[in-house]
Amino acid sequence: MTYLEQALVYIGAAVLVVPLARRLGLGSVLGYLGAGVIIGPAALGLISNVDYVLNFAELGVVFLLFIIGLELKPSRLWVMRHQVFGFGSAQVLLTAALLSALLVAGSWQLRPALAIGFGMALSSTAFVLQLLAEQKKLSTEYGRASFAVLLFQDLAVIPLIALIPLLATGPTEKLDVGSLLVSVVALAALIVGGRYLLRPALRLVAKTDIRELFTAVALLVVLGAAALMESVGMSMGLGAFIAGILLADSEYRHELEANIEPFKGLLLGLFFIAVGMSVNVQLLVSEPLNIIGLTIGLILAKALVLYVLARAFGLENDASRSMALILAQGGEFAFVLFTLARNSAVLDSSTVDMLFLIVTLSMAVTPILYLLDARILRRKRGKETEPVYDAIEDHGNPVIIASFGRFGQIVGRILKSKGIGFTALESNPEQVEVVRRYGNKVYFGDASKVELLRAAGAGKARFFVLAIDDIERSIATAKTVRRYFPELPILARARNRHHAHLLMDLGITMIFRDTFHAGMELTHDLLQQLGVDNEEADLIVSTFAKHDKDLLKRQHAIRQDEKVMIQTAREAAAELETLLQADRRRVDRS
């Protein structure tokens with residue numbers, strides 16, 4: 001079969017099976033897996049060279065890790081360190097220990113048991129993130145915790161790849177210092193080059209204003225970093241991930257993500273098709289009870305560890321259960337580790353075939369478990385009907401206001417008095433009705449929906465006013481605007497310092513806290529009533545405002561550490577008192 005004919009088979013299978021799986025509520029990932037089973041050697045046999053396809057399709061995982069790196073600024077990784085390195089490391093170690101202990105108790109030898117335990121401890125980054133994105137759950141409590149655990153698992157793959165050969169049954173080989181040194185040098189070269197060469201190169205390419213060239217450079221960055229790491233015996237995904245982190249703070253982050261996204265989607269789909277093709281269905285037919293029992297055992301063991309840890313790290317019961325179910329499957333890196341274990345004689349071929357099937361079945365079961373969990377949650381919260389949003393007629397207004405409550409209406413009234421057009425979006429139907437009764441024009445719609453933003457003219461607007469008071473909806477809307485309209489400036493309302501810090505995580509700088517300015521205005525009047533003259537009251541309030549703005553920025557990076565936050569607040573209070581005393585002396589001298 002020619003390459004063109006194979007491409008037609010892949011695309012045809014995906015087009016037929018994936019929409020059906022989505023329609024049944026099973027998700028696209030399960031659709032791709034099913035398409036792979038149908039066209040693979042176990043069913044129709046249209047494609048036979050599964051290993052070649054799987055190796056090529058792993059580029060989808062590489063692109064995924066690059067995009068994850070783009071979304072993860074180093075400062076944010078430091079802020080997330082407790083969940084990533086605390087929760088994540090505990091999950092991997094405890095899951096591996098539990099699974100290995102169960103295997104040893106079942107008469108397995110320790111070395112292969114450890115290889116299987118660590119391999120099965122990893123979940124599917126591609127699978128879970130795609131499923132969470134489809135269900136729009138990435139911004140939820142368990143979505144963020146799942147991301148942190150998956151991030152640590154991706155980082156843990158590197159030492160695990162080094163560990164597997166050490167478990168070989170033959171004599172332990174001496175450490176190859178030369179190879180280790182080459183790996184360290186390559187890693188350092190990638191970090192230094194990415195830090196000091198990538199951005200100037202991207203800047204030069206951007207000046208050409210040739211979109212296709214920028215796409216080519218984006219692919220070159222990802223594939224070049226991946227190839228460099230692979231050439232020294234390290235993970236391709238690690239190279240792409242590091243390249244993404246190095247560019248996370250660059251001005252081209254959103255454009256890089258937009259250029260890589262289509263390739264990631266196509267190759268991830270091909271990856272899951274290849275995984276489906278590699279399933280040895282005959283093994284399931286010949287040993288159904290054994291395979292199904294082991295799959296159920298894997299899911300139960302991982303779910304138990306995840307649930308207990310999630311509760312220990314402060315997640316609510318529903319969030320802990322959802323997280324436990326969505327991360328209970330085996331992952332794509334298990335295929336890599338088990339293949340390496342087979343090549344190192346830690347595991348035999350028949351065992352690896354069985355493990356591949358268990359991992360695949362666990363991945364196939366996950367969307368079903370997740371849907372059952374979602375139905376439980378819906379039953380608890382009551383059925384919610386999807387609202388029908390208004391068709392937007394205004395397309396050319398320079399300002400879009402998301403939420404038209406008390407905050408958004410002040411902005412709208414002032415703009416209207418100046419003759420500046422704006423498009424107001426409000427997701428609360430009762431609020432829409434009240435506002436319209438007073439003669440205001442507002443559209444019923446959720447500003448976090450990209451389709452609605454496009455209809456409102458976000459691509460041509462000059463400013464986006466984020467006036468939503470609900471923190472979760474505010475952040476979801478900000479992420480949508482940042483992702484799809486990166487050049488649109490955001491002026492954001494924040495309910496409190498925590499809300500402001502979350503907005504700052506997204507690179508938003510024009511933030512206005514609800515009660516901050518009202519509190520300063522009240523204090524200014526109070527000082528005057530207490531006998532302080534107007535000039536001194538102005539100086540006191542302006543000094544406090546500037547100092548508090550600086551403190552907000554300083555506390556952004558350390559807000560997860562309560563002890564440091566308390567110490568910083570005390571130091572800031574003493575610093576403010578000193579500043580005000582100095583200002584008072586200057587006023588007295590004048």
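Strands and helices here are DSSP runs (E, at least two residues, for strands; H or I, at least four, for helices), numbered from the N terminus. Getting from β2 to β3, the chain passes through helix α21 (residues 429-437), and this β-α-β crossover is right-handed. Right-handed means that, with the strands pointing away from the viewer, the path from the first strand over the helix to the second runs clockwise.

A word on the model itself. It is a predicted one, where local features need pLDDT of at least 70 and side-chain atom pairs count only at pLDDT 80 or more, while totals for chains, interfaces and linings use all residues. Residues are numbered from 1 along each chain as its sequence is written, and side-chain values use heavy atoms, leaving out hydrogens and water. The mean pLDDT (the predictor's confidence in each residue, from 0 to 100) is 79 for the protein, and 85% of its residues reach 70 or more.

Strand β5 (residues 490-494) runs parallel to β6 and is joined to it by four bridges, and A492 has I511 as its bridge partner in β6. Four bridges also join the parallel strands β1 and β2, where A402 stands opposite L425 of β2.

Together, β1, α20 and β2 make a right-handed β-α-β unit. As for β2, five of its five residues are buried, buried meaning under 20% relative accessible area, exposed over 50% and partly exposed in between (1.4 Å probe, protein chains only). Both of its faces are covered, with F422, A424 and E426 on one side and T423 and L425 on the other.

The largest nonpolar core has 133 residues, and those with the most contacts inside it are F66, M120, F272, M277, M323 and F338. Such a core is a set of buried Ala, Val, Leu, Ile, Met, Phe, Trp, Tyr and Cys residues joined through side-chain atoms within 4.5 Å. Its largest share, 12 residues, comes from helix α9 (residues 141-166). A second, separate core of 30 residues includes I468, I471, L503 and L552. Not counting residues up to four places away in sequence, M120 touches L99, L298, K302, F338, L355, I358 and V359. Helix α17 (residues 317-326) has eight of its 10 residues buried, so the rest of the structure largely encloses it; M323 is among them.

V279 sits in the loop between α14 (253-277) and α15 (281-286), and at 10% relative accessibility it counts as buried. Not counting residues up to four places away in sequence, V279 touches A42, L357 and T360.

Conventions
Pairing = 2+ DSSP bridges. Contact = heavy atoms within 4.5 Å.
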